[in-house]
Amino acid sequence: MKKLSILSILLCVVLAALCLVGCSDYGAPDYSTKNPSYAVSPEALHNELVGFLTDNIDRTTYNDGEKAAADFIENRLREMNCDDVEQVSFEVKVDDAIGKKGKSQNVIARVGATASAKNVIIGTYYDNRYTKPYDGAAYDNGEGVIGGGTSVATLLGIVDYLVKNKSKIASNVCVNIVFFGASYLTDAGASAYLDSMDVAAYKNTVLMIELQRLGVDHVYAFSDARETKREAFFDRVAADSGLDIYKPTSQSPLITGLSALNGVPYYQWAHGGVFNAFFNSGIPTLNLVGANWDSSNLSDLESTKHANLSYSEGDTFRNLKKYHPDYADKMATAATLVIRSVCDKDFLSVMQFDKNNFPDTDALTLSWVWLLVLLAVIVLAAAGMRAVIAYLKKKYPIVVAAPPQMKMAVFGMDYEDRDAADIFIDIHDHSADEQIFEGIENNAPKSDPFGEIFPPPSTGDNGGGQNDDPFDNPPGDDNK
């Protein structure tokens, strides 16, 4: 039982230690947010959001509402004079049993240098599940404002700025804009886009940025669980503009046994998103996601003040304004970080470095490897604990009196070798004068304590000529 308890404690300690591995040791960098320098005004992003939501509440995946939203986005990109604006359709198998397929589309555009330059992809999903996308599918009847709407408006604001300021984009950088379809609950749009990339396009892509769930308490920036040059780069850009950018900490728990990113043997809330497909293809990424993971609650929270709105019926524009009145500021924070990053003179060299040195650690995601590592840690910890216990026992001995042992003593037994703690029961017949233990009197009494009360019968005459036994001559018996 003691060994089981010790192993249980050790296992808990090891798991707790693993839950702290790979986290940044701080949340929000110490940047002043009293006077942030926004590249895009919150008012402009608010207007983009209102324009998008006005006729696109129902953007249900695979349905006419999603196609209408794609048409709206395409027209908006053309109004901004983007290059190479198009919709690229794809199919997704949605029911294996009957082989049913859903049809969706990605909306794509380009800003900056030609496609032969170094590519940066900035994307977000635009669909929702206002109604059922197909029979038996889940839906939430929500407007998808936080779940997609704010990110779409933020990306449109980014595009508008970059088109108007092409000369500020880093040299030899082509910004590819992608609005992913069928990606509210999956990464179908991202997978379709990756499948369409040729070898040259993949080789030239140095970064993928995703925007998601913007407008809530904080904006988190996640690039990789391992040390990279781009993380420090984004920190510096945020500091230069006074942006309140958060990063995942130990309060955003690591879930061992699950993995979404190759080479990262655990799952963290910041790991969720369509950017996974790009990361797992060896393309460096940046995930800008709205959340509040700096609380004692280890859940995936949007806010510490109320329940999550996204992916629910409560995800409406009215609730966004009610519960997150500074939503436009959060959108402007994310937009500014993206814009200032792709316009920075060091942008391309940093991203190219991370692309060239992208860690090839697929083996680390194999579950058996980490089970062996965990087992080795437990064994070593158990061995260390045993050594500590042995040392403490030696230094601080605890003397416990041993209970006497009952032993049978038989004739011929050598009593001289008896243990002082033993109790012997002698079961052999012996005379009263026989000495069992030298120097110890036998337990047998040397006199009969009852002899004086009941004297032994006499076998002869008592001197009076009469028999002392009164029963020898009963009354009336004259024996003369």
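Over the ring of which residue does the charged end of K355 sit? In this predicted model, local features require pLDDT of at least 70 and side-chain atom pairs pLDDT 80 or more, whereas totals for chains, interfaces and linings use all residues. Residues are numbered from 1 along each chain as its sequence is written, and side-chain values use heavy atoms, with hydrogens and water left out.

The charged end of K355 sits over the ring of Y202, 4.7 Å from its centre (NZ of Lys or CZ of Arg within 6 Å of the ring centre and within 35 degrees of the ring normal). The charged end of K229 is likewise placed over the ring of F353, at 4.6 Å from the centre.

The whole structure contains 15 aromatic pairs (ring centres of Phe, Tyr or Trp, the latter by its six-membered ring, within 6.5 Å; planes under 30 degrees apart are stacked, over 60 edge-to-face, the rest tilted). The rings of Y184 and Y311 form a tilted pair, with centres 4.8 Å apart and planes at 40 degrees. These two residues are 127 residues apart in the chain. Y184 is buried at 4% relative accessible area, while Y311 is partly exposed at 38% (buried, under 20%; exposed, over 50%; partly exposed, in between; 1.4 Å probe, protein chains only). Ring pairs join Y125, Y184 and Y311 into a cluster.

F233 and F234 make an edge-to-face pair, 5.5 Å centre to centre with 70 degrees between the planes. F233 is buried, with a relative accessibility of 4%, and F234 is buried at 4%.

Methods:
Helices (H or I, at least four residues) and strands (E, at least two) are DSSP runs, numbered from the N terminus.
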